[in-house]
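User: Could you take me through this structure? I would like to begin with how the terms are defined.

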Amino acid sequence: MQNFKKWIENFWYHYKWQTVLVVSFLTFIIIAVTQMATKDKIDVNVFYTGPYVFSPREIGQVEEAYEAMMSIDYNGDGEKGAEFTNIVLLTEEQVKQVREASKSGGNSPDIVDNIVIDANALREAENVFNQQIFAGQVLVCMMDPYWYNEVKKAGGWCKLTDVLGYKPEFAVDDFSVLLKDMKFAQYFKVFARLPEDTVLALRTISTVSSFTHKEKEQERWGWNAEMMRDLFLFEFPEGYDPEALEYDPGTEAAAAPAG
């Protein structure tokens, strides 16, 4: 048993990054296989790309948090459903920082550390990101600024004024806000461990989707736009102090969005 434990520790030390990527790819395969059977139950499609590694429990908490923020069942099937997809993806600068911090043992456990980063696997992860984001399968996006700007260059984000009818004072630009500035992200503590520069934005309807399933995609985009509006309408419950209290969406009922 001791030898087996030692082997596991050694394997994780050397192949943590590859293991994370394999798990990510398997997740996408499972999603693809089950999508046809579950798509009618999904109201919103939430996406994360960046260096943070979500645990299975946290993935469930993210979905529960977004479902709790829905003011209504958008697609009218009697059940609120949020589908969360995440890709662990590092920029070249982040890869460099991880490698350097790994040498000194200074990495945060929240970000992939103590690993040999596989450049080929990283490129594959970027390919998956491009397929997901530019095919328009994901709409409500939490993203590392680098990947956000890659989509922005391609004109892939909706203007906040077009979605909300106004531009929030704390907006980063015409299309996004920092996730940490959103009250719902301060309320649901699962978001607290994400990097502070994570941005929140809404994807436009992709050209491919608009040609192949125009009416359905417009309807689906409308549900996700409604999700964004509900997120901005959220107010803390009376007496709630975000600095003093913690919230676990798996154990308590969330407050409904104001309005």
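Analyst: Helices (H or I, at least four residues) and strands (E, at least two) are DSSP runs, numbered from the N terminus. Residues are numbered from 1 along each chain as its sequence is written. This is a predicted model, in which local features need pLDDT of at least 70, side-chain atom pairs count only at pLDDT 80 or more, and totals for chains, interfaces and linings use all residues; side-chain values use heavy atoms, with hydrogens and water left out.

User: Thanks. Where does Y148 sit?

Analyst: Y148 lies in helix α5, which covers residues 145–153.

User: Is Y148 buried or exposed?

Analyst: Y148 counts as buried because its relative accessibility is 3%. Buried means under 20% relative accessible area, exposed over 50%, and partly exposed in between, with a 1.4 Å probe and protein chains only.

User: Which residues does Y148 touch?

Analyst: Leaving aside residues up to four places away in sequence, Y148 touches M143, W157, D173, F175, S176, V199 and A201. Contact means heavy atoms within 4.5 Å. The C-alpha atoms of Y148 and A201 are separated by 8.4 Å, although the two residues are 53 apart along the chain.

User: Let us turn to the strands. Which strand does β3 run antiparallel to?

Analyst: β3 runs antiparallel to β5 (residues 199–202), and four bridges join them. Two strands pair if DSSP finds at least two bridges between them. M143 has V199 of β5 as its bridge partner.

User: And how does β1 pair with β3?

Analyst: β1 (residues 44–50) and β3 pair in the parallel sense, over four bridges. F47 stands opposite C141 of β3.

User: Which way do the β3 residues point?

Analyst: In β3 (residues 140–143), V140 and M142 point one way while C141 and M143 point the other, and all are buried. In a regular strand the side chains alternate between the two faces of the sheet.

User: What about β2: how many of its residues are buried?

Analyst: Seven of the seven residues of β2 (residues 82–88) are buried, so the strand is largely enclosed by the rest of the structure. Both faces are covered, with A82, F84, N86 and V88 on one side and E83, T85 and I87 on the other. β2 pairs with β1 in the parallel sense over seven bridges, and N86 is the bridge partner of Y48.

User: How far is V88 from E126?

Analyst: Their C-alpha atoms are separated by 9.2 Å, and V88 and E126 are 38 residues apart along the chain. V88 belongs to β2 and is buried, with a relative accessible area of 2%.

User: Changing topic: what span should α4 have?

Analyst: The expected span of a helix is 1.5 Å times one less than its number of residues. The 16 residues of α4 (residues 119–134) should therefore span 22 Å, and the end C-alpha atoms are 22 Å apart, which agrees.

User: Which residues of α4 are buried?

Analyst: A121, L122, A125, V128, F129, Q132 and I133 are buried in α4. They cover an arc of only 120 degrees around the axis, which puts them on the same side of α4. The arc is that of the directions from the helix axis to the C-beta atoms. An α-helix has 3.6 residues a turn, so residues three or four places apart point the same way.

User: How are the rings of F234 and F236 placed?

Analyst: The centres are 6.2 Å apart and the planes are at 90 degrees, so F234 and F236 are also an edge-to-face pair. F234 is buried, with a relative accessible area of 2%, whereas F236 counts as partly exposed at 21% relative accessibility. Y187, F188, F234, F236 and Y240 form one aromatic cluster.

User: Finally, how many helices and strands does the protein have?

Analyst: The protein has nine helices and five strands. Of its 259 residues, 45% count as buried.

Key: Phe/Tyr/Trp six-rings, centres within 6.5 Å; stacked < 30°, edge-to-face > 60°.
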